[in-house]
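Dear colleague,

Please find below the structure that I am handing over to you, together with its sequence. My notes on what was found in it follow directly after.

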Amino acid sequence: MDTKRTTFNNRLLPYLLLAPQLIITLVFFIWPAAQAFKSSVEREDPFGFSTVFVGLDHYRRLLTDPNYLDALWRTGIFAVAVTVLSMGLGLAFAAAVDRVTRSSRIYTTFLVWPYAVAPVIAGVLWWFLFNSSTGILPFYLSKFGIRWDHDLNGTHAMILIIIAAAWKQISYNFLFFLAGLQSVPHALMEAAAIDGSGPVKRFFTIALPLLSPTTFFLFIINVNYAMFDTFPIIDATTTGGPAQSTTTLVYKVYQDGFVGLNLGSSSAQSVLLMLIVMVLTFVQFRYVERRVQY
Amino acid sequence: MVENRPFLTFLTHAFLLLGFAVVALPVYVAVIASTHDLQTLLTGSVPLLPGSHFIENYSQILTGASAANGLPNYSHMAMNSLIMALAIMAGKIAISILSAFAIVYFRFPFRVLAFWIIFVTLMLPVEVRILPTYKIVADLGMLNSWAGLTIPLIASATATFLFRQFFMTVPDEILEAARVDGAGPMKFFRDILLPLSRTNIGALCVILFIYGWVQYLWPLLVTTDTGYYTLMMGMKRMVTAQDGTIPWNFVMAGAVLAMLPPILVVVFMQRLFIRGLTETEK
């Protein structure tokens with residue numbers, strides 16, 4: 001890791017400058033992570049007087065617990081659905097805005113603001129739209145013979161949180177795809193046009209392959225978002241129900257830890273989640289280094 | 001564009017307008033719902049045109065409709081949200097610009113270790129270490145306090161990276177010239193680096209203000225005293241009214257007001273916002 005050619009040579013000052021950030025990181029990040037690891041291999045007796053080392057017991061139990069495996073599977077489906085939906089729409093909007101150069105500013109403004117809507121509020125808004133007694137969408141859906149009820153139907157509840165979560169993320173994907181599209185060399189497009197390929201063909205054979213680094217980067221970011229930043233959406237709408245059908249991994253950590261007060265299991269779940277984030281971060285950074293080539 | 005295809009351009013515009021309509025639908029309905037009285041909202045489906053209770057709903061939510069749910073006044077919660085967002089924003093920027101300065105402009109033992117410790121925060125979002133972090137904050141006696149609400153959230157690897165990246169592009173000659181003129185590190189930082197970082201700081205302000213404003217899980221954990229409730233928690237409490245019906249007209253008025261500040265920031269500072277978003281996430 002490099003510094004400047006010339007540097008200051010104070011002894012104490014750099015440590016003082018780093019101190020605030022390091023102290024906060026150690027106290028509120030590293031230490032709790034270590035604690036999570038520690039209590040994931042211990043069991044506390046019901047009165048909290050003593051703890052016993054139980055090794056990988058909590059992990060073994062988790063990984064054989066159908067509830068946990070269900071939540072894992074569900075989180076996977078949720079993350080992929082949110083990612084595909086929001087990236088697909090983001091790319092479609094970006095491709096469209098990239099075509100209409102003259103009014104791209106105004107359309108960008110039209111499309112970026114959902115990023116600023118808080119997840120809780122996004123949840124509340126979509127919940128209201130889908131509310132079975134007052135909402136608009138169930139009213140129209142009933143004309144197609146669909147009885148919408150996210151309070152009882154797990155699939156409906158899942159669709160609801162997928163839509164709410166994807167909606168919030170469209171702007172983000174849109175901005176990155178637009179930036180990617182705008183950096184596609186114009187000469188390539190013109191050459192292809194002269195060779196007789198139409199806009200659609202150019203998009204799929206030139207723009208899309210050139211966008212693949214952006215796509216990959218966004219995929220990681222979106223999976224990360226769907227897994228970890230959607231807690232408020234779920235908590236404001238379905239609270240993990242009906243019958244656990246929208247309990248994602250993060251929601252389960254919260255429920256088992258805070259509502260169920262199951263310290264060991266919740267900690268083991270935290271550690272597993274950290275492993276997932278580490279893998280995602282690792283993949284993301286490996287890729288960022290290679291991004292330079294394009 | 002490469003060639004002129006009026007029909008395709010027309011289709012593109014139509015698609016974008018349709019897309020905008022779909023994206024804006026939930027917010028549009030919220031605005032509409034906030035102008036009707038509760039009876040209208042409960043009689044089946046929500047009307048699609050504004051009603052006549054705009055002033056009534058908004059003045060009620062601002063003057064105490066939230067009190068029915070055992071919540072503090074709306075303006076009180078809005079103030080809490082604002083304090084929290086600004087504190088997190090300022091705190092994050094301050095500590096990350098200082099640590100980036102230390103990492104780039106000094107050579108000292110454990111420099112790489114320090115960098116890695118900061119990097120690790122990327123991998124440990126609050127969501128994955130809820131319980132132990134809560135315990136530490138509780139042990140330090142920081143529950144129900146501004147310190148507990150903001151300090152654990154202000155460590156930020158992304159802001160540190162951004163400043164580091166930017167400092168690396170500042171020409172070395174500037175530093176050499178400053179040293180020849182006898183400037184010490186802090187003077188160099190204050191008089192040269194800080195003014196040069198203005199745009200980056202601005203971009204980060206936009207992103208971090210939104211980040212702080214929309215926080216939900218952390219305040220939910222560390223505050224039980226309703227005096228510290230933010231708007232986000234207020235909204236959630238209002239839609240989970242235990243008894244009776246949800247006052248949708250007030251909820252929607254409250255939601256519209258709570259959405260407004262960050263949306264205005266994004267719309268009016270679009271350039272800084274886009275810059276902040278695309279620069280911090282790499």
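**Findings**

In chain A, the loop between helix 8 (186-194) and helix 9 (199-210) holds D195(A). Please bear in mind throughout that this is a predicted model. D195(A) has 9 C-beta neighbours inside 10 Å and therefore counts as exposed. Between D195(A) and S266(A) there are 60 Å in space, C-alpha to C-alpha, while the two are 71 residues apart in sequence.

**Domains of chain A**

The domain assignment divides chain A into domain 1 (13-53) and domain 2 (59-293). The C-alpha centres of these two domains of chain A are 31 Å apart. Their contact involves 8 residues of domain 1 of chain A and 7 residues of domain 2 of chain A. On the domain 1 side, helix 1 and strand 1 (42-44) of chain A each supply at least two residues, and helix 1 of chain A gives the most, with 5 residues. By class, that side of domain 1 of chain A comprises 3 nonpolar, 2 polar and 3 charged residues.

**Chain B: overall form and domains**

Chain B contains 15 helices and 0 strands. Its radius of gyration is 24 Å, well over the 19 Å that the globule rule gives for 282 residues, so chain B is more spread out than a compact globule. Along the principal axes, the C-alpha atoms of chain B fill a box of roughly 75 × 65 × 30 Å. Of its 282 residues, 46% count as buried. Among the contacts in chain B with a separation of 6 or more, 74% are between residues 24 or more positions apart.

For chain B the domain assignment gives domain 1 (6-67) and domain 2 (75-280), with centres separated by 31 Å, taken over C-alpha atoms. Their contact takes 17 residues from domain 1 of chain B and 13 residues from domain 2 of chain B. Helix 1 (6-33), helix 2 (38-42) and helix 3 (54-63) of chain B each supply at least two residues of the domain 1 side; helix 3 of chain B gives the most, with 5 residues. The classes on that side of domain 1 of chain B are 10 nonpolar, 6 polar and 1 charged.

**Record annotation for chain B**

An unreviewed UniProt entry lists "transmembrane region" for several stretches of chain B, including residues 113-131 and 192-214. Residues 113-131 of chain B are 53% helix and 0% strand, with end C-alpha atoms 27 Å apart. For residues 192-214 of chain B the figures are 91% helix and 0% strand, and the end C-alpha atoms are 33 Å apart.

**Contact between the chains and the nonpolar core**

The contact between the chains takes 82 residues from chain A and 88 residues from chain B. Helix 1 (residues 13-40) of chain A gives the most to the chain A side, with 18 residues. By class, the chain A side has 62 nonpolar, 15 polar and 5 charged residues.

The largest nonpolar core has 171 residues, and those touching the most other members are A118(A), I121(A), V124(A), W126(A), F101(B), M235(B) and A255(B). Helix 7 (residues 154-182) of chain A gives the most to this core, with 17 residues. Apart from its neighbours within four places in sequence, F101(B) is in contact with L17(A), F167(B), F189(B) and L193(B).

With kind regards

Terms used
Residues are numbered from 1 along each chain as its sequence is written. Chains are lettered from A and ligands numbered from 1 in the order in which they are written. This is a predicted model: local features need pLDDT of at least 70, side-chain atom pairs count only at pLDDT 80 or more; totals for chains, interfaces and linings use all residues. Two residues are in contact if their C-beta atoms, placed from the backbone, lie within 7 Å. Helices (H or I, at least four residues) and strands (E, at least two) are DSSP runs, numbered from the N terminus. Ala, Val, Leu, Ile, Met, Phe, Trp, Tyr, Cys and Pro count as nonpolar, Asp, Glu, Lys and Arg as charged, and the others, Gly among them, as polar. The radius of gyration is taken over C-alpha atoms; the globule rule is 2.2 Å times the number of residues to the power 0.38. A residue is buried if 20 or more other C-beta atoms lie within 10 Å of its own, exposed if 12 or fewer, and partly exposed in between; C-beta atoms are placed from the backbone. Domain bounds come from an automatic or database domain assignment. A nonpolar core is a set of buried Ala, Val, Leu, Ile, Met, Phe, Trp, Tyr and Cys residues joined through C-beta atoms within 7 Å. UniProt positions are given in the numbering used here, feature names are shortened, and annotations may be inferred rather than shown by experiment.
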